[in-house]
Amino acid sequence: MDEKTTHQREHSPLSRQRGDGACCRRQPPKRAAGFELCAAVCVCMLCAPSAWAQEPPASAAGESSAPVAEPVAVSPPRAVLSTEAAYPPEALTARCETRVELLVTVLANGSVGEVSVAISGGQEFDDAAVAAVRQWRFEPAQRGERAIDSRIRVPFQFTLPRAESVPALAPSTEDAGSRADQAPADEAPLDVTVRGERQSRTEDRSVSDFRIERDVIVAAPRQEGADVLRAAPGLYIGRAEGPAVAHNYMLRGFDADHGQDIEFRVGGLPINMPSHIHGQGYSDLGFLIGDTIRELRVTEGVYDPRQGDFAVAGSIDLRLGVEDRDRGVRLRSGYGSWNTFRQFVMWAPREAPEETFGAVQYMRTDGFGENRAGQSGSGIFQHRFGDGALTFRAIGILHVARSDLAGVVRQDDVDSGRACFTCVYPYPTAQAQNALANRFLAGLFADYAGSDGANGQAGLWLGYDNFRIQENFTGFLQQSRVLERVGGRGDLIEQQNRTFSLGLTGRYRTSPFRPASWVHGTVEVGADGRLDVIHQAQNLLDASVRHQTWDRRVDASIRGVDLGVWGDLDWIFTQYLRLRAGLRADVLSYDVEDRLGNFAPLTRPQDSFIRGFRRSALGLAWGPRTSAEAKPLEWLSILAAYGEGYRSPQARLLEDGEKAPFSKVRSADFGLRFDWGDPLRLAVGGFYTHLSDDVAFDAAEGRLERIGATQRLGAVAHAITRPLRWLVGSLSFTFVDATLLEPPPPSAEEPQPPFAEGQNLPFVPPIVIRADLGARHTFIERLGRQPFGGRAGLGFSFLSPRPLPYGDLANPVALLDASAALSWGPVELAFELFNALNSRYAAIEYAFPSDWDPNDGIRPRTPARHAAAGAPLSWMLSLAVTL
Amino acid sequence: MRRHALALITVVAAGCAKTGQTRTSVPLFVAGTNVTEPVVAAFGVPVTIERADLAFGPLYLCAGATAGDLCDTARLEWLETVVVDTTLDEPARAGELLGVTGTVRSWMYDLGISSQLTRTQPFILGAASQLGAASLVLEGRAVADGIEVPFTASVPIQQTDDTELGVPVVRKSTSESFFRDVDSDESALLLRFDPSAWVRGIDFRPYVSRETCTSGGPTIACDGGLERTCDGETELSTRDCTAMGYVCIPGAGCRERLTIDQQSEAYRSLRNALVSGGRPSFNWDYVP
C-alpha cells in the first residue's frame, strides 16, 4: 500500500543550491530550527513498506500529481492559513534580497511537520522562512477520501523593503474552499511529492501487526542494534551467551529460543538458519547497527502469505535506511562499564536515497563477570539505484564475533555460597567455554512499481555462516559413546555448524481491478526458494588436555531445499470493508548424511556393519492466510484474521521417507485499532495459537528436543503517542496463557511423562510490558552559529514471573534504561545507563541435573535450577560527530 | 506505587501458573529387623547375628522401569549416607528425599561407597568411613557340627573394573515389582533391611573340622576346638582353643573370631546377597 518517495538527485532537498541575492551570505542547508519532532510522524502509519523487501519508490518527485496512477484521485495539499515571512531586521543594513526554498511536510491533519531548507538564502532568512511556514495550516493531500501526508516545496522571496512569501499553494485565511492566485508568474512550477499509500498492498493484516518507527526505536537507549526489538509488543530478548551467540527470544507465549518460532528478515534477507545445530531457526542479529534501522515491522501471528518457515509466533522485518536528519558521515566512539569500547562509522550521502548507506561498527568488552570478554565487528552496506518504474537495491552484511562464555550456575550453589551469581565454575571444562560466529549475507533486489499500480519484486541472495561453540551445562555427567569406559572428563560440548545458502524470491501484484464502482481489488502471486548446504558436528572435549576429543555425537551433512509459492487476493468493498484471502504452500526436502547414524553400543561387535545412515524426506506444508478489516469510522478499524503456517524440522531428527515433518501452527486474531493521529494510536486485541509439535531445550545434548502439542491464548495492547512535537511514547502490554496440550513423547527413561491438563509451558512469561519514552529539544537556536539541543530517553521492560519446570517460579524481571545527550551542531555527547535499577536477574533459566563437584563422590540426578546472569547496571559515554 | 503495581502483577501472574510436576520432599526412614531367633544358614547351620551395621546411601528413585543407565534424571534422590543398625527394628530418620512428583518405577542405591565417572577409584563416603571403608560389618556366631564359630565380616560393596562405572551398584531388577505415583502429600518412605537375608546363603561348614595329623595334611589341623600342630603324621603339639575361649580355624588355628576372607565363598555369598538378594522393603504408607 505504500510507496516511498526517493530523493531524486536533481531535486535533492539537501543539495546546495544558490538562491538570488548574491550579496547575502550563503549558509549550508540545515535542518529547520526550532522544535524538532523526534519521529517521522508522517510515515508512521501510512507509509509502511513491503514486509519482505524494500518497496520500490514512488514515481519521481517533480510530478505534480501523485505517482499512483489508479482510479483513486490524488489531490495536493492546499494552504488555508499562511503567514508571511518577516524580513530579518539585522539583514537590512546589508540590503539583501534573496530566495529561500523550504521542503515542507504537510501532515494528514493539515499541520506542518518536518521543515528543511532546500535552498538557503542565508541563516537569518532561512530562520525567518521556517518560522513563517511553521504557522501555516493546510487542507492535506487526499487520496480519494483519505487524507495523507505530503511534502511540498515552498519558495520565499525576500525583497526590500518588505519580504513576500510565495507559497506553494495559494493561502486562504478565511475561505478554505477558495484558491487565491498569488504565485508570481516567474516562479517555477511547484514540485509536489506525495508520500502516501498505494492501493497495491496493505501491511496490516491483523490487530497484531505493529510498525515501530524510528522515533520509537531510538527513544530509549540501546546497547546494541538488536535491542531495537525490545520495542516490539510482547517480545522479550535476552543475551545469555555473549555477543557471538544469538539472543534468546520470547514472543506471544513462545519461548523461541534462538529464533525457532520467529521469522526474521533484515533488509529483505532471511536470517533464520534451518536445521542449525545450536537451535532450529537460529537467528543471530548481532550484526545489526542501530543507526541504520529505519523501521521495525512486527507481524504477530501468521496471516500473510509471504510469511514462510519459522513464522510460528510471527515475523519481524527490519527495514534499513538512514533518514535525512541523520545523513552524512558520522563517527561515534563510546566507552563504558567493564572496559567496553565501541566504534561506529557511517557514510550516508545526503544526495542519495534513504536506503543508501554504509556502516561499520566494532565492539570489545571485558564483560560483567568471569569469562565474559568478547569482541565483534560488523558492516552493513546498502545501495538503492535506478530510476523510474524499475529500481534496484543491493545489500551486503558482514559479521564476525568471538566471546568467552560464562555458562550457567546452579541456583543451589549460589544460595549456599559455593558459587557466585556471575561466576564460572573453577574447572577447565567451565573456563574453556567460548563461541565464534562469522556470517556473510548479500542480496540484489529489483523493485518494480508500475504507473497503473502494479508492482513486483525479484531478488537473489546468498549467505555463508560459520559457527562454533563450546559450552558445558551439566558439569561431569557424560560418558563416551565411542570410547569404552571413558567418562567424567567434563561435559564440554563443542558444536560446529557451517551453512552455505542461496535463495531466490519473486512476486507480482496486479493493478487494481474494479468490476464495480464500490469494489476493487488486486491479486498477488509469489514464490520463495532457498537451498541450504549444512555441515555440522558435535563432540565432547577435554579442556584439561588441550581440548582432546573424547566423544563424537554428531557428524552430518544436510542439503535442504525449501520452495514456497503463494497467492493473495486483496479486495476492498466501499471504504468500510477489506477482505484478504491467501494461500501458501511450501515443499521442503532434506537429504541427510548422518555419518554417525546407526551407531551401535560398545557391546556390539564393530565388524558387523559400517557406521552411517543416509536418509531423505520430503513434505508439503500449506495453509490459508485470511483477514478482514471493517472500518466503520475514520478512526476505528475492526480486524480479524486466521492463518496456518509451519516450522521446518531439525533435519537430523527426520526418519527416512518422513512425509509430514513439520510443526503446524494455527493462529487467530481479533481486535480493534484506534487511530487518533499523533495524540494516540491504540491497538487492542486477543489471539489464539495452536502448535502441533513444540520443542524444548535439552541441556544434556545442548539442543532442542520434541515435546507435545501446545496452545497460547492471550491479549495484547499497544499504544503510540506523540502528544507534542518533541515527545514520543510507546507502551505495550501482552498477556498470554501458554499450555501444553498433551504429554511429551514417552521414552525408556520416562515411559509415562507427567502431564496435567492445562499445564503451563515453562519459561514463558505470562505478562510482558514495554514502555519507551523519548524527547528531543533545541534549547538555543544558535549558539556560535550552531543549534544547541538535547535529547533524553527511557526504556522499561517487565517480565512477570515465569513458570519453570517442576513448579519453580522465576523472579520477575524489571529493567530500566535511561539516556541523556547534548548536541551542539554536528557534535553530540551522550550518556546512557542500562539496567539503571541494577536489577539482579537471570537472562535465561533452565532445570536439569548437573554435577559440578566431581570430587565429592556424589552425583545429583534430580533437576536443579540453573541460570545465566543478566547484565547488572552499566553505563556508556559516547561522542558522535556528523559531518 | 510502582513497587505495588509490580507486586500485584507478580501475584496475578504467579497465581495463573499451573505445572504438571512440582518439587517435593519425602521424609526418609531406615530400619532393620529384630532377629530374635537364630537364622538358618546354608546346610542348616544356625547363625546368631550379633551385629549387622550397614552403610546405606545415596538412594535414587527413577521414572523408568530400569534404573542405572536409564536414570540420568531421577525423580527423587537422597544424597547422604547413614549407618543402619539392621538388628534394630525401630525406624530412624535418615533425611529427606528431594525431587519432583511423578511416578517412580525403579530404584538404585549405593552402600556407602560410590562410583563416579571422574575417577576409577571409588569414593568412600561418610557412613562407609565409619565402618572402616566397609559397606557392611557383620558379626555373629554360627554353630556348625556342634562347634560354635564366632565370626566377623567386613564387606565393601563397590563398582570394580569389571563392572559399570558411574552407576550405583544395587539396582532394582526387571523382575521386581515397584511402582508409586509420588505426589506432594507423601507422609514418608521407610526402608527396612533384614540381615538374615544376607546370612542365609553362607556355608559355615568349611570353618569347622575334626581332623588329626596325617601324611600330606595341613600343618595346623583342627579337631573341633582342639588345635593340632602337625609334621606329617606326627603331632607336634596341641592347644585347647575352646578352653581359651577361642575357636579353631582350619589352617589358622586358635583365633578369637573367624574373619571371613574376601577370597572365600562365604564372602562372595554375602556380597551377592547384598547386591542382588537381600533387598530392603519399601513402605510408602509409613507414618512417623
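R75(B) and E750(A) form a salt bridge, in which the closest N and O atoms are 2.7 Å apart; the term denotes a side-chain nitrogen of Lys or Arg within 4 Å of a carboxyl oxygen of Asp or Glu. Across the interface of chain A and chain B, the rule finds three salt bridges. Strand 41 (767-783), strand 42 (786-799) and strand 46 (864-869) of chain A each supply at least two residues of the side of chain A that touches chain B, where strands are DSSP runs (E, at least two residues) numbered from the N terminus.

The model is predicted: local features need pLDDT of at least 70, side-chain atom pairs count only at pLDDT 80 or more, and totals for chains, interfaces and linings use all residues. Residues are numbered from 1 along each chain as its sequence is written, chains are lettered from A and ligands numbered from 1 in the order in which they are written, and side-chain values use heavy atoms, with hydrogens and water left out.

The contact (heavy atoms within 4.5 Å) involves 48 residues from chain A and 48 residues from chain B. Between them, the chains bury about 3900 Å², 56% of it on carbon and sulfur atoms; buried area is the accessible area (1.4 Å probe) that two parts lose on being put together, summed over both. E749(A), Y806(A) and R861(A) supply 20% of the area that chain A buries against chain B, more than any other three residues.

Within chain A, three strands form an open antiparallel sheet in the order 2-7-8; two strands pair if DSSP finds at least two bridges between them. Strand 2 (74-75) and strand 8 (146-148) of chain A are the edge strands, each pairing on one side only.

Definitions and conventions. Helix = DSSP H or I, 4+ residues; strand = E, 2+ residues; numbered from the N terminus.
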